[in-house]
Amino acid sequence: MSTHPRNTTSRQCIGKITQVCKSFNDKQVLSNIDLALYQGEVLAVLGPNGAGKTTLINTMLGKISLSKGEISLFGHEPGSMPVKRQIGAMLQVAGLPDMSTIKEHIQLFQAYYANPMDYNKVLEIAGLKEIENQYSKNLSGGQKQRLLFALAICGNPKLLFLDEPSVGMDITARKSLWRAIEMLRAQGTSILLTTHYLEEADQLSDRIVMINRGRIVREGTSDEIKSQINTKKIRFKSPVDIQSLLALESVDKASKTSNYYELESKCAEKTLSEIIGKQIIIEDLTVTGAALEDAFELINGQEKITEAA
Amino acid sequence: MNSQALDKPNLLNIYLLEAKTETTRLLRTPGFSIPTLLFPIMFYTFFGIIFSMNPATMPTYLMITYAVFGVIGPALFSFGVGIAIERGQGWFDLKEVSPMPASAYIISRISLTFIFAAVIVVLLFAIGAVFGGVQLMRWQWISLFFIFVLGSLPFCAIGMTLGLYLKSSSAPATVNLIYLPMGFLSGLWMPINFLPEVMQQFANILPPYHLAQLALKITNMDLGFPVVLHLSVLAVYALLFIVLALKSYNKKDKQ
């Protein structure tokens with residue numbers, strides 16, 4: 001199941017997670033996680049809430065002990081000072097100390113690193129330029145997220161952990177966060193981000209690891225995961241009723257939303273020739289491949305079935 | 001790994017910046033600075049000066065015990081409540097994951113406690129000298145100042161442990177529930193020999209009692225127990241709570 005990423009095989013491996021298991025009070029939260037991190041790669045850990053994404057990050061940050069297995073980052077144990085000096089982390093933080101300004105927060109965190117990023121560059125990347133003198137208590141949710149992002153990057157880390165970075169951000173802020181991530185990647189920073197937004201994983205990552213119930217269920221590039229399902233979607237307008245469409249041999253599923261029918265088929269060509277053969281009138285036709293979201297639902301669905309069996 | 005990774009940041013710079021950030025932050029938080037500064041001063045003015053039962057000795061005695069009461073406050077609250085709240089927010093976790101040396105976190109809060117303690121002590125001295133007619137030799141003022149400020153250290157350790165074990169929502173109330181009765185039972189609000197015999201016995205296990213006795217020795221107002229006894233009790237408390245704090249801090253899989 002382990003597929004090697006296209007661009008990263010030649011790159012340096014900076015972290016290795018081997019057969020990691022973790023249980024809390026007999027509840028298995030992570031089981032047999034194997035994962036490698038490469039230099040300059042964006043790795044998205046994708047999964048529904050409670051899948052174990054944050055637990056996985058916390059093991060890599062050394063905050064959680066392992067029940068089994070091993071993690072090594074830059075050749076050191078997670079949580080040790082040599083590792084901490086090379087990483088930055090954006091965690092899910094509910095609040096920051098109220099009465100410090102953005103500037104004070106950033107400059108303090110910069111002091112923790114030997115070669116921090118230039119202060120103005122941090123402000124620019126995180127989009128905090130106009131509000132550097134505001135107290136953190138006056139920041140909106142999205143601004144707080146940007147400040148946490150700034151704190152994660154201000155030390156010029158080689159490896160950046162972003163736990164649900166775009167939660168609470170509006171679409172503009174999210175887009176600028178994505179640009180910032182692209183830019184850091186271009187500079188050679190490795191980034192591990194968790195998200196439950198498929199679009200985010202799709203847009204940003206070189207590689208996606210899908211986890212569910214503490215296990216890796218798929219691993220690969222966004223395209224590879226999408227291609228694992230061969231279902232196509234056929235969309236059109238038509239005056240016929242849904243029964244005659246369901247009657248078509250190659251159609252797996254049919255649904256109607258407003259004026260449009262949406263068919264799912266494993267062989268779009270055959271479905272189309274059937275439609276034309278039956279002289280069904282159609283207009284405004286589109287055929288699309290599966291979205292990552294569909295892959296995700298399908299894979300999670302399969303998981304549930306195998307679990308039940 | 002290249003050399004950049006092995007470079008170390010300037011530790012002294014971190015200590016200074018951390019302490020500065022922490023202190024300015026709390027000075028801007030009136031909910032912290034006003035009660036911690038005002039309570040000991042208000043109590044002393046009422047009970048030590050305005051309603052003083054014995055103007056010859058009471059202003060001096062209570063200046064000393066309210067100074068003990070005063071320096072314990074910032075120690076218990078900046079550590080106890082401060083850490084509990086930051087833990088509740090997840091901010092403490094972020095600091096823990098960052099390359100901040102743990103010592104910087106502790107030193108910044110100790111310096112903050114020292115600054116608040118020094119201000120409280122100086123204000124109490126001024127009120128005592130000006131309005132209470134307290135007259136002491138220069139060496140007595142100086143010794144008292146250092147006993148008070150350094151005496152806050154065992155309470156920093158107690159506060160740190162409270163901060164690491166308490167929930168953020170209950171921390172302020174719990175710390176007050178420890179702070180106020182402990183102050184009263186240690187004879188900080190009225191002279192210890194005014195309290196019933198049983199309570200005087202009980203005070204022996206309370207650290208503020210021992211710090212107060214140590215300070216009262218400077219003006220010959222103590223009960224006459226040896227210095228070593230008071231110092232040892234304070235040291236045992238400090239050590240015990242440092243161990244407890246370390247135990248909680250080093251425990252992984254918190255919450």
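Modeller: A:Glu164 is buried, with a relative accessible area of 6%. Buried here means under 20% relative accessible area, exposed means over 50%, and partly exposed lies in between, with a 1.4 Å probe and protein chains only. This is a predicted model, in which local features need pLDDT of at least 70 and side-chain atom pairs count only at pLDDT 80 or more, while totals for chains, interfaces and linings use all residues. Residues are numbered from 1 along each chain as its sequence is written, chains are lettered from A and ligands numbered from 1 in the order in which they are written, and side-chain values use heavy atoms, with hydrogens and water left out.

The partner of A:Glu164 is A:Lys53, and their side chains form a salt bridge of 3.2 Å, N to O. A:Lys53 lies in helix 1 (residues 53-60) of chain A and A:Glu164 in the loop between strand 6 (159-163) and helix 6 (171-186), so this pair ties together parts that are 111 residues apart in sequence. Helices (H or I, at least four residues) and strands (E, at least two) are DSSP runs, numbered from the N terminus. A salt bridge is a side-chain nitrogen of Lys or Arg within 4 Å of a carboxyl oxygen of Asp or Glu. Side chains of opposite charge can pair when their charged atoms come close. A:Lys53 is buried as well, at a relative accessible area of 4%.

Over all chains, the structure holds 17 salt bridges. Another of them joins A:Arg185 to A:Glu182, with the closest N and O atoms 2.8 Å apart. Both residues lie in helix 6 of chain A, 3 residues apart, which is about one turn of the helix. A:Glu182 is partly exposed, with a relative accessible area of 33%. In chain B, the side chains of B:Asp222 and B:Lys217 meet in a salt bridge of 2.6 Å, N to O. B:Asp222 counts as buried at 16% relative accessibility, whereas B:Lys217 counts as partly exposed at 23%. Elsewhere, salt bridges that share partners join B:Glu22, B:Arg25, B:Glu86 and B:Arg109 into one network.

The two chains also meet each other. In total, 38 residues of chain A are in contact (heavy atoms within 4.5 Å) with 31 residues of chain B. The area buried between them is about 3200 Å², of which carbon and sulfur atoms give 61%; buried area is the accessible area (1.4 Å probe) that two parts lose on being put together, summed over both. In chain A, the residues that lose the most area to chain B are A:Met99, A:Leu108 and A:Tyr112, together 19% of what that side buries.

B:Glu18 belongs to helix 2 (residues 11-27) of chain B and is buried, at 1% relative accessibility. A further polar contact, of 2.8 Å, joins the side chains of B:Glu18 and B:Lys95.

Between chain A and chain B there are 2 salt bridges. A:Glu104 forms a salt bridge with B:Arg28, the closest N and O atoms being 2.8 Å apart. Helix 3 of chain A gives the most to the side of chain A that touches chain B, with 6 residues.

Methods: A polar contact is a pair of N or O atoms within 3.5 Å; within protein, one must be able to donate a hydrogen and the other to accept it, and residues adjacent in sequence count only if both atoms are side-chain atoms.
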